[in-house]
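Here is a quick tour for anyone meeting this protein for the first time. Have the 3D view open and follow along as the text moves from charged pairs to strands and cores.

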Amino acid sequence: MRLVFAGTPEVAVPSLDALAASPHEVVAVVTRPDAPAGRGRKLLPSPVAVRAEELGIPVLKPSHPRDPEFQAALKELDPDCCPVVAYGALLPQSALDIPRHGWVNLHFSLLPAWRGAAPVQRSIWAGDEITGATTFRIVRELDAGPTFGMMTERVRPTDTAGDLLDRLAEGGAELLVQTISGIESGQLEAREQETEGLLSYAPKIQVDDARISWSEPAVGVDRRIRACTPFPGAWSTFQGERIKIGPVTPGATSDLAPGQLEVTKNAVYVGTGSTVVKLGEVKAFGKKQMAAADWARGIQDFPADASFE
């Protein structure tokens, strides 16, 4: 089939690669406009745009998919289907109606669970043991279209959102190719989502959501931190300054109060609402990421009663 692929971040690149290597023809790529990045805030193309140019595929960067110029260009391309992975903009009905087989989205959850912007993060935060990816036809309602196929993936005890998303991006790429092939052959039929008792939402995680509540049990602290790694990054404050905190290791019972720190020669422990956790890596403001023990050694006259706030 003639495909126009839509995607923006790095997580969409495996699907673009898989489709480009398939028997189907990717005639163009749609991605978000160049955005400021880095300390210099220089305008840079999206990871998908960079990869498409490497593959020699034309790239469209509309400010919004409702733009008449973009929709005219899409009609001219005459796609049979538009596969989508993390494009990042809402598609109006006028755009949805252009490809013969619609827009087919790869979503990183087992729909109807975790509809929304942060399915992988919310799955880890909720303590799910199994998650996965789903292909579905896009409709106006958020992630509510009929589904084509699914893959499952175990959530490992130490998975960060970044770890799990990387695996889902690779496995989901193959699922997307199989879905497109099944639509072409007519052997794959979309089925409406069964939502009763299964529907949940995954809103974007804001910076304030990522602040650690040390009064939570250790398991809750661990899940929040892993869900917010690498973005937006879990954090707490120490002596009035924000500290980003990487994944922790739940430890044994102790008498540390929630947020209270215990520093040893090679480790830093923090009290929670249940057992302690051992800090992994931390990043203080204006400094590089480092092991928690190195961070503590760098603080002169570390208070005996120190705690995160």
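Asp17, Arg51 and Glu54 are tied to one another in a network of salt bridges. Keep in mind that this is a predicted model, and that its salt bridges come to twelve in the count. As a bit of background, side chains of opposite charge can pair when their charged atoms come close.

| Salt bridge | N to O distance |
|---|---|
| Arg2 and Glu25 | 3.9 Å |
| Arg115 and Glu141 | 3.7 Å |
| Arg297 and Asp294 | 2.3 Å |

Take the pair of Arg2 and Glu25, with its closest N and O atoms 3.9 Å apart. Are the two partners buried or exposed? Arg2 counts as partly exposed because its relative accessibility is 29%, and Glu25, at 43%, counts as partly exposed too.

Now for Glu141 and Arg115, whose closest N and O atoms are 3.7 Å apart. Glu141 is found in the loop between β8 and β9, and Arg115 in the loop between β7 and α5 (119-126), so the pair links parts that are 26 residues apart in sequence. With a relative accessible area of 3%, Arg115 is buried.

Arg297 and Asp294 meet through their side chains at 2.3 Å, N to O. Both belong to helix α8 (residues 292-297), where they are three residues apart, about one turn of the helix. Arg297 has 53% relative accessibility and so counts as exposed, whereas Asp294, at 38%, counts as partly exposed.

Next, the strands. How many residues of strand β8 are buried? In β8 (residues 130-137) six of the eight are, so this strand is largely enclosed by the rest of the structure. Strand β7 (residues 103-107) runs antiparallel to β8, and four bridges join the two. If you want to spot this pairing, find Leu106, whose bridge partner in β8 is Thr135. β8 also pairs with strand β9 (residues 147-154), again in the antiparallel sense, over seven bridges. Here you can look for Phe136, which has Thr147 in β9 as its bridge partner.

On to the nonpolar parts. The largest nonpolar core has 64 residues, and those with the most contacts inside it are Phe5, Phe108, Trp214, Ile245, Leu279, Trp295 and Phe308. Helix α6 (residues 161-185) supplies the largest share of this core, with nine residues. Apart from this core lies another one, made of 18 residues, including Val30, Phe70, Val84 and Ile138.

What does Phe5 touch, leaving aside its neighbours within four places in sequence? Among its contacts are Ala12, Leu16, Leu19, Val26, Val48, Pro83 and Val85, and Leu176 is on the list as well.

Finally, a word from the records. UniProt, in an unreviewed entry, places the feature "domain: Formyl transferase N-terminal" at residues 1-180. In the model, the end C-alpha atoms of that span lie 8 Å apart, and the span is 33% helix and 25% strand.

Terms used: Residues numbered from 1 in each chain as written. Predicted model: local features only at pLDDT ≥ 70, side-chain atom pairs only at ≥ 80, totals over all residues. Heavy atoms only, no water. Core = buried A, V, L, I, M, F, W, Y, C linked by side-chain atoms within 4.5 Å. Buried < 20%, exposed > 50% of the residue type's maximum accessible area, 1.4 Å probe, protein only. Contact = heavy atoms within 4.5 Å. Pairing = 2+ DSSP bridges. Salt bridge = Lys/Arg side-chain N within 4 Å of Asp/Glu carboxyl O. UniProt positions renumbered as here; feature names shortened; annotations may be inferred.
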